[in-house]
Amino acid sequence: MRLKIVAGNWKMNMLKEGGENLASEIVKLVSEHKLDNSIKLILSPPAIHLANLSSILDGQTQVSLAAQNVHQELKGAFTGEISASILASFGLEYVIIGHSERRQYFSESDQLLAQKVKAALEQNLQVIFCCGEGLEVRQAGNHLAYVSKQLTNGLFDLPKESFEKITIAYEPIWAIGTGETASPEQAQEMHAHLRKHIAAKYGNDIAENTSILYGGSCKPSNAKELFACADVDGGLIGGASLKAKDFIAIAQSF
Ligand code: PGA
């Protein structure tokens, strides 16, 4: 059985106190609402919050932390960067790699992302690997081929046993922060396609156990219909993850 995951990508939001309050409120709501054990919540704050939030989440088994990025080298003279070994030494479990904002604003190529994935896995971090097409690609009808190529280039050099540590997040760029969401049919079509693509490379067992999340203007009002799709295993949530009640409402949408 694959894990259901709702991950909150805080991006570059939340000052110190706001981040602490948000994490504390989420912890409180999780215990009040008794979320099903099969659901995992992940918070991905700006990196400087991670150590602090890990004390707030101490003792929580259902809520984990993810970094939003990682450097491809394990140490060295890379001012401003954070390595997978540093993240692991702070007890971090997850890292998001390949978000479209990293690809677009920081020119992260498929090759670079493949290196980052390897570095993260070597340090035993779990990877949430993002993929997704822009509007022009979708309008041209090339979205399925485009996104499966992102997976091939970023992940398919990995040995089979490493793939167990991969979660996929499909985030169509035209739906991120725009208020426009992929329809359940569009999400299901892509997720089923990606699962087939993984099965062709790594076999049915791995594909069936890989969680594939949807991201892009996912909110309490549309999460239910998206999560009802057979191949949608949860969401990577941006804007709506900054409000504890909305985030928990999304987690209750399975
Ligand atoms: P959004 O962002 O939910 O604000 O559209 C999703 C993401 O970029 O991960």
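This report walks through helices, aromatic rings, the ligand site and a few single residues.

## Basis of the model

This is a predicted model, in which local features need pLDDT of at least 70, side-chain atom pairs count only at pLDDT 80 or more, and totals for chains, interfaces and linings use all residues. Residues are numbered from 1 along each chain as its sequence is written, and side-chain values use heavy atoms, with hydrogens and water left out.

## Helix α7

Helix α7 covers residues 143–155. Helices here are DSSP runs of H or I with at least four residues, strands are runs of E with at least two, and both are numbered from the N terminus. The 13 residues of α7 reach 18 Å from the first C-alpha to the last, close to the 18 Å expected at 1.5 Å a residue. The expected span is 1.5 Å times one less than the number of residues.

Which residues of α7 are buried? They are His143, Val147, Ser148, Gln150, Leu151, Gly154 and Leu155. They cover an arc of only 145° around the axis, which puts them on the same side of α7. The arc is that of the directions from the helix axis to the C-beta atoms. Buried means under 20% relative accessible area, exposed means over 50%, and partly exposed lies in between (1.4 Å probe, protein chains only). The face of α7 turned away from the buried side carries the exposed residues Ala145 and Lys149.

His143 belongs to α7. His143 has a relative accessible area of 10%, so it is buried. The side chains of His143 and Glu189 are joined by a polar contact of 3.5 Å. A polar contact is a pair of N or O atoms within 3.5 Å; within protein, one must be able to donate a hydrogen and the other to accept it, and residues adjacent in sequence count only if both atoms are side-chain atoms.

## Helix α9

Helix α9 spans residues 184–202. Its 19 residues should span 27 Å at 1.5 Å a residue, and the end C-alpha atoms are 26 Å apart, which agrees. The buried residues of α9 are Pro184, Ala187, Met190, His191, Leu194, Arg195, Ile198, Ala199 and Tyr202.

## Aromatic rings and charges

How many aromatic pairs does the structure hold? It holds five. Rings of Phe, Tyr and Trp (its six-membered ring) pair if their centres lie within 6.5 Å; planes under 30 degrees apart count as stacked, over 60 as edge-to-face and the rest as tilted. The ring centres of Phe156 and Phe163 are 6.2 Å apart and their planes lie at 65°, so this pair is edge-to-face. Both Phe156 and Phe163 are buried. Ring pairs also link Phe156, Phe163 and Tyr202 into a cluster.

Tyr202 has a charge over its ring too: the charged end of Lys201 sits 5.8 Å from the ring centre. Arg102 lies over the face of Phe106, at 3.9 Å from the ring centre. A charge sits over a ring if NZ of Lys or CZ of Arg is within 6 Å of the ring centre and within 35 degrees of the ring normal.

## Around the ligand

There are 13 residues around the ligand. Each has a heavy atom within 4 Å of it. Lys11, His99, Glu171, Gly177 and Ser217 come nearest.

One lies 2.7 Å from an N or O atom in the side chain of His99. A backbone N or O atom of Ser217 is 2.7 Å from a ligand oxygen. A polar backbone atom of Gly238 is 2.9 Å from a ligand oxygen.

Ser217 sits in the loop between β7 (212–215) and α11 (220–227). Its relative accessibility is 16%, so Ser217 counts as buried. Its phi is near 55°, a positive value in a residue other than glycine.

Lys34 lies in the loop between α1 and β2 (39–44). At 69% relative accessibility, Lys34 counts as exposed.

Glu17 lies in helix α1 (residues 16–33). Its relative accessible area is 57%, so Glu17 is exposed. Glu17 and His49 are 32 residues apart in sequence and 9.9 Å apart in space, C-alpha to C-alpha.
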